Amino acid sequence: MVEAAQNLDQDEVEKEEINEFLTFMLHGEEYGVDILRVQEIKGWDAVTAVPNMPEYVRGVINLRGTIVPVIDMRRRFDLEVLEYSETTVVIVLRILTEGHADRTMSIVVDGVSDVYQVEASNLKASPDFGGDIDTEFVKGIATVDKKMIVLLNIDHMLNSKELSVADMDAI
Amino acid sequence: MSIDISQFLNTFYEESFEGLDIMESELLALNVGEADTEVINTIFRAAHSIKGGSGTFGLNAVADYTHVMETLLDEMRAGQREVTQLAVDILLRSVDVLRSMLLSLKDNEDLDHETIATTHSELEKLLNGEATTDQANSSVTNISTDSVSGKIEDVSGWTIVFKPNVDMLQTGNDPVRIIRELETLGSITVEAHTDQLPEFELIDPEQSYLSWTIKIAGNVAEEDIKECFEWVEDECELTIVANHKNSTVAAPILEEAVVHDEKIQDDRRQDDRRQVERRTSSKTAAKKPAESSSIRVNIDKVDDLINMVGELVITQSMLSQIGGVENFDAVALERLNDGLVQLEQHTRELQESVMRIRMMPISFAFQRFPRLVHDLSTQLEKQIELKMSGEATELDKTVMEKIGDPLVHLVRNSLDHGIEMPEIRAENGKDATGTIELNAFHQGGNIVIEIKDDGAGLNHERILSKAISSGIVKEDDNLTDDQINDLIFAPGFSTADVVTDVSGRGVGMDVVRRNIRALGGTVEVKSEKGVGSVFTIRLPLTLAILDGQLIRVGSETYIVPLISIIESLQVNPEMLNSVTGTADVYKLRDDYIPIVKLYDIFGIESDTTDISEGLLVVVENEGRKIAICVDELLGQQQVVIKSLETNLKQISGLSGATILGNGTVALILDINGVMTLYHDVMKSSVLQDKYGKYIAA
């Protein structure tokens, strides 16, 4: 038991030490996702539309034989819709779902920005925005070089009821 | 040293279930009266491993129970007990009980103590009841010595020559423990032989070089001695010889015993090999659909695959060589074409090889039937012989798992309704024993399973009157014989006058047909009165590949399963009708077929909203037809089905997706789902473009 507790502590310590985030730009703001969840980053390419899905689900792409859904973050956050450009990128993420195998999903963003190491002390819990962004989707807010970065809880965001495996009562 | 053995528990369960399957099939193969020692040996070994394993894992209930079975089997093996029908029946039941015990233990459920106790006492009764009437009343334990050498009455002790194989220690068996165990049986003298011991510097501490001669004094049962060696009997040379007061007799008997024992070992080795063979050829454990997703693959298939990949690499390097040519001329072009042809061939072969990994012989689905027929024919007091052929025919594991229940249903049905009672058969000049044949074979991309009986055949008048009375057809419908036969698959249909627990509740054949359709297959029946019936099931070889028709609606490409397409046609505007202004129907010969506009139910752009400019693809599902309005037919091809659910979710109207030659994703239509969507859209009757509202719950 003592050993287990120590292990736990160690894990916690490690977690606190290594907090690396990949950040991307969306409507002039910088958002971050846990870098360990990023599978790859690729350019925007044509997708196959899937019928009867919310508009922010652009469709599905073929990622080396796997069918991966593409979610437009601007549409997801009800931001102004922009034409996709050369800098538009698709970030492929590994999503954890309770009681379900890992899923691979991808998000469309304006562009990737940087990779930051964020110390735990610089991580703040998210305030209640009362805005378009559901606070549940936000893991916290980090300050890096006096910039504010919104860290997203992608598991929550990409398992919302429209996209979840279990919940069939979509829309 | 303590090892956490719980990690092996699952393997134990898996092997035990395999063992039970073996016991079951071998018990059924056992001829009452003249027992084949080989068969009994196989059953015994299965029971023995289960007992040993369960003891190791501390599952004492299982161990105790198996012990009684084992004792019984051991007596049969030694020729000490006749193999009676009663014994076989009780053993079969015990197999069932054991299976349910193991299942409940595995799922951490409570054991059904009552049934266990009942069969346990039945076994005991069988064991004791007959043991007392037995001539050899010299107690069960002495029996096997009789079989070794004629008549040994006065055993004064045993001489055991125990020579472990050099690598026996690697299996975790310790000779010292065995000898200690022997010591508990009686006073022993041990003599160690060190003649095989190499020079000190050559000694490998992990190998065993010693052998022993052990003498046990006193009246010890040979069985008890053997039990000490049971874990190592395949890993050593072992001779157990009885010592007699008169030592002159001992010599010849010793020889005899050695020969005998060697023979036993030889047999055993052969059996083991056979078992290994069986295991490799059978590839996977007992069907457990949900949890065990592992698959055992024959090594040949893997080798094939490796060869194929090797070929592919060669072709690839050949192609890249052509690509590196500086002057690309006609010769190079020709070589490029050759290379591409080769590549295509290899790719197809590779695909087939990979598919074959998922293939299992249909004997996995068939193996339960001997038992089923055995039990049911006893219950129904019918005489039935089951013939099976084509058991080696392979089909996809997933299909196999799902075809089991429909097959059981059809076989039960043939048993119950098809085959007549023996008296009636005799009256009709038939053999009193009815025959049910199960046959499987491949026929062009499909697997065909036939269930054939030589029973009474379908009674057309009765089917028809029943169908009319239950409102499935009208009295004035003129039906052909095949159509009448087909009625038995209609929902809510049963001709059985008496509802038995075998069949007759009328929730059977329609479910069978639905299940088979869900697998993309068909089932039909042919029957001749008084001669018998044949049920023919056709299934696709695999669920992973589908023959599809590519269609285009606007900028989207969809795939319609070829199996559901009846015909595709150009629209004749005269045949177009509209019902209440919203629903369009098309008159195709005598049918009015509703037109489904994909752009409506999927909310996509199409070239035209004028039906008469498009094409219609008429598809059928469960007897209902719809015509899907498309912009263009693109061609047919085999597609590999990919799940949408893995990363997204199930979407009504779609059964999956696939990747086309150009790397883009195309969605595969699920005709049943499209029909549901269409009905929902019609029901909601708000035909606006806000498609989002029509999504099916």
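**View 1. Strands S8 and S9 of chain B pair side by side.** Strand S8 (residues 434–443) and strand S9 (residues 446–453) of chain B run antiparallel and are joined by eight bridges. B:Asn439 has B:Glu450 in S9(B) as its bridge partner. Strands, here and below, are DSSP runs of E with at least two residues, and helices are runs of H or I with at least four, numbered from the N terminus. Two strands pair if DSSP finds at least two bridges between them.

This is a predicted model, in which local features need pLDDT of at least 70, side-chain atom pairs count only at pLDDT 80 or more, and totals for chains, interfaces and linings use all residues. Residues are numbered from 1 along each chain as its sequence is written, while chains are lettered from A and ligands numbered from 1 in the order in which they are written.

**View 2. S8 and S9 belong to an open sheet of five strands in chain B.** The strand order is S6-S8-S9-S11-S10, and the pairing is mixed. Strand S6 (384–389) and strand S10 (522–528) stand at the edges. Each has a single partner strand, so one side of each is left without a neighbour in the sheet. Neighbouring strands are turned by 15 degrees against each other on average, direction ignored. Axes are lines fitted to C-alpha atoms, for helices over the stretch in contact, and angles run from 0 to 180 degrees between N-to-C directions.

**View 3. A second open sheet of chain B has six strands.** Its order is S14-S18-S19-S17-S16-S15, again with mixed pairing. The edges are strand S14 (565–570) and strand S15 (576–579). Each of these has a single partner strand, so one side of each lacks a neighbour in the sheet. S15(B) runs antiparallel to strand S16 (residues 583–588), with four bridges between them. B:Val579 stands opposite B:Ala583 in S16(B).

**View 4. Helices H1 and H4 of chain B pack together.** H1 covers residues 9–29 and H4 covers residues 85–106. Their axes are 10 Å apart, at an angle of about 165 degrees. H1(B) and H4(B) are therefore roughly antiparallel (an angle over 145 degrees). The crossing is left-handed: the near helix is turned anticlockwise from the far one by less than a right angle. Contact residues include B:Phe17 and B:Leu20 of H1(B), and B:Leu91 and B:Val95 of H4(B). Two residues are in contact if their C-beta atoms, placed from the backbone, lie within 7 Å. By class, the contact has 11 nonpolar, one polar and three charged residues. Ala, Val, Leu, Ile, Met, Phe, Trp, Tyr, Cys and Pro count as nonpolar, Asp, Glu, Lys and Arg as charged, and the others, Gly among them, as polar.

**View 5. B:Ala78 lies in a loop of chain B.** The loop is between helix H3 (60–77) and H4. B:Ala78 counts as partly exposed because it has 18 C-beta neighbours inside 10 Å. B:Thr37 is 41 residues away in sequence, yet 8.4 Å from B:Ala78 in space, C-alpha to C-alpha.

**View 6. S11 of chain A pairs with S2 and S10.** Strand S2 (residues 29–34) and strand S11 (residues 147–152) run parallel, joined by two bridges. A:Tyr31 has A:Val150 as its bridge partner. Strand S10 (residues 138–144) pairs with S11(A) in the antiparallel sense over six bridges. Here A:Thr143 partners A:Met148. S10(A) and S11(A) form a hairpin with two residues between them. In the turn, A:Asp145 has a positive phi of about 50 degrees.

Definitions and conventions: Angles under 35 degrees count as roughly parallel, over 145 as roughly antiparallel, 65 to 115 as roughly perpendicular and the rest as oblique. A residue is buried if 20 or more other C-beta atoms lie within 10 Å of its own, exposed if 12 or fewer, and partly exposed in between; C-beta atoms are placed from the backbone.
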